[in-house]
Amino acid sequence: MDILIIDDDPGISSTTRLAVEAEDHYAETADSTEAARRRIREEKWDLIFLDVRLGDENGLEFLKEILEKTPEQLVVIFPAFSSVEIAIKATQAGAFDYLEKPFTPDRVRGILLKAKKALSTNRELSTLKNTVTELKTQVDRSGPPTRFESEDPTMIATLDTIFRAAASPASILILGESGTGKSVIARTIHENSKLADKPFVTVSCPSLSKELLESELFGHVRGAFTGAVKDQWGKVHAADGGTLFLDEIGELPLSIQPKLLRLLQEREYERLGENKPRKANVRIIAATNRDLKASVAAGEFREDLFYRINVISVEMPPLRARTKDLMGFAHDYLDHFSKQVGREVKVFSAKALDRIRTHQWPGNLRELRNSIERATILARGKEIEDTDLPSGGDAAQTGTPAGYVVPGSDVTLEELEREHIKLIVDRVKNLQDAAILLGIDKATLYRKRKKFDLN
Amino acid sequence: MDSEQNAPRPISVSHELKSPLTGIQMTLHLLMEEKIGPLNEKQAMMVKQAKLDCDRLVEAISRYVSNDKRG
């Protein structure tokens with residue numbers, strides 16, 4: 001906890017601070033209402049100790065002032081006299097508790113435990129409120145249901161690992177192409193963990209500049225950078241006690257990586273522009289579509305961080321490799337969107353089914369979902385026609401090579417061979433180099449290109 | 001008569017004493033608990049004695065204040 005001690009008696013403030021720090025909390029002291037007012041304006045404090053007699057000033061008036069601005073603030077008062085009357089007045093004014101002088105470190109520890117419990121209850125309430133808001137948003141937007149049954153062996157293994165690892169506090173790395181459902185899986189892990197009733201906070205690493213990302217993660221203090229007009233807590237603070245989901249961690253700038261490593265190893269971080277270590281206990285789930293090992297080899301990703309987040313890793317197979325699950329997803333989406341848009345479109349035509357089966361879905365589940373939503377809206381009759389769905393050419397828009405064949409999916413050796421030769425020939429400068437790479441002579445390459453119509 | 005009227009009330013005396021006493025008591029307890037650092041045998045014995053004296057003082061002041069409230 002972050003604790004502010006307001007007392008003009010240095011003997012009391014310094015020893016209370018020592019007692020608080022000995023319990024691994026962060027503490028600061030203020031010897032006047034003026035100094036305290038400034039620190040309260042600048043920072044968020046989990047708990048405040050306040051002397052009722054601060055020189056000529058009335059601590060009870062200051063208590064009212066604090067609670068007017070932040071009614072949820074926990075304030076413990078040091079009454080000037082041992083008086084039930086003052087304790088009642090303070091409690092009526094909203095004080096969390098009082099500590100009668102002369103007190104001992106044991107009494108301070110008792111207050112700290114009580115405050116920690118109250119904060120945790122407050123946080124649970126706030127998490128519940130957030131969950132309700134989020135659920136309301138989800139219902140309003142109502143996406144299709146998430147399908148966790150799979151007939152694909154790779155996905156079955158992935159799901160098995162996910163559900164077994166969820167209960168442990170270990171970091172999990174989710175690998176897979178864009179649109180394979182990494183974010184949904186991250187949330188599922190959280191919901192099946194012991195932290196399910198704690199916050200789940202997502203940070204999208206590529207969406208912000210380096211400075212803003214660092215601030216979004218760790219927070220900042222006023223003046224830390226241009227535009228930092230007030231102190232701000234980051235998502236690490238918001239996720240404290242729960243799960244922090246780092247989406248596309250492969251894009252995390254090198255300069256921020258040591259700070260994340262420190263958070264993982266020492267459960268400590270600092271806000272931007274500040275030198276005070278803060279404590280946070282978060283479970284990290286990270287996702288990436290990058291080959292992180294290659295990024296480590298290229299010096300773009302720290303090896304120590306890679307091993308730290310890669311305690312358990314799972315691979316989300318691309319949709320084109322989940323041939324057995326593909327039609328199940330298509331029917332789920334059709335069922336959902338036909339209800340959502342209020343149309344009696346319940347089936348796919350034979351040609352549409354064929355298009356779904358043969359399309360490579362480079363954008364994976366996201367592409368399938370969007371295509372079927374669009375097709376449901378645009379369908380002329382009660383059936384989705386093949387013309388309502390994307391053709392192979394649309395794949396180029398996603399930036400993933402069209403017709404990309406995955407080893408292990410339902411493809412023939414000939415299809416695999418054709419695809420491999422095509423990719424190599426496209427990539428290298430001349431046919432001689434392509435033949436060397438393929439381990440065949442130039443004449444064989446010529447014959448194969450002719451056979452596969454790759455000229 | 002005048003000197004009696006000008007004499008500080010026990011409850012005020014109590015406050016004047018309790019604030020510094022809190023600092024002393026907290027210091028002695030933290031030292032005893034070795035939260036600030038380890039004590040050798042002699043230091044521990046002296047701190048223990050000081051803590052006992054401090055506890056007696058706290059008790060005496062409490063008694064003084066309650067007698068005054070009753071009186």
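**Questions on a predicted two-chain model**

Me: What makes β6(A) and β7(A) a pair?
Reply: In chain A, β6(A) and β7(A) are joined in the parallel sense over two bridges. Two strands pair if DSSP finds at least two bridges between them, so β6(A) and β7(A), with two bridges, count as paired. One of these bridges links Val76(A) to its partner Asp97(A) in β7(A).

Me: How should the model and its numbering be read?
Reply: This is a predicted model, in which local features need pLDDT of at least 70 and side-chain atom pairs count only at pLDDT 80 or more, while totals for chains, interfaces and linings use all residues. Residues are numbered from 1 along each chain as its sequence is written, and chains are lettered from A and ligands numbered from 1 in the order in which they are written.

Me: What is called a helix or a strand, and how many of each are there in chain A?
Reply: Helices (H or I, at least four residues) and strands (E, at least two residues) are DSSP runs, numbered from the N terminus. Chain A has 18 helices and 18 strands. Chain B has three helices and zero strands.

Me: What is the order of the strands in the open sheet of chain A, and which are called edge strands?
Reply: The five strands follow the order β2-β1-β3-β6-β7 (chain A), with parallel pairing. The edge strands are β2 (26-30) and β7 (97-98) of chain A, because each pairs on one side only. Within the sheet, β3 (residues 47-51) and β6 (residues 74-78) of chain A pair in the parallel sense over five bridges. Across this pairing, Phe49(A) stands opposite Val76(A), and Asp51(A) has Phe78(A) as its bridge partner.

Me: Why is β6(A) called largely enclosed?
Reply: A residue is buried if 20 or more other C-beta atoms lie within 10 Å of its own, exposed if 12 or fewer, and partly exposed in between, with C-beta atoms placed from the backbone. Five of the five residues of β6(A) are buried, so the strand is largely enclosed by the rest of the structure. Leu74(A), Val76(A) and Phe78(A) point one way, Val75(A) and Ile77(A) the other way, and all are buried. In a regular strand the side chains alternate between the two faces of the sheet.

Me: How many residues are buried in helix α18 (residues 442-451) of chain A?
Reply: The count is one among its 10 residues, and this helix is hardly covered. Just after α18(A), Asp453(A) takes a positive phi of about 55°.

Me: Which strands does α1(A) lie across?
Reply: α1(A) lies across β1 (2-6), β2 and β3 of chain A, and runs at about 170° to β2(A). Axes are lines fitted to C-alpha atoms, for helices over the stretch in contact, and angles run from 0 to 180 degrees between N-to-C directions. Helix α2 (residues 33-42) of chain A also packs on the sheet, touching β1 and β2 of chain A, at about 140° to β2(A).

Me: What makes two residues a contact, and how many residues does each chain bring to the contact between A and B?
Reply: Two residues are in contact if their C-beta atoms, placed from the backbone, lie within 7 Å. Chain A brings 16 residues and chain B brings 19 residues. On the side of chain A, the largest share, six residues, comes from helix α1 (residues 10-21) of chain A.

Me: Where is confidence lowest in chain B?
Reply: pLDDT is the predictor's confidence in each residue, from 0 to 100. In chain B it is lowest in helix α1 (residues 2-6) of chain B, at a mean of 50, and highest in helix α3 (residues 41-70) of chain B, at 83. Chain B averages a pLDDT of 79, and chain A averages 85. Over residues 393-403 of chain A the pLDDT is below 50. Where pLDDT is low, the predicted coordinates should not be read in detail.
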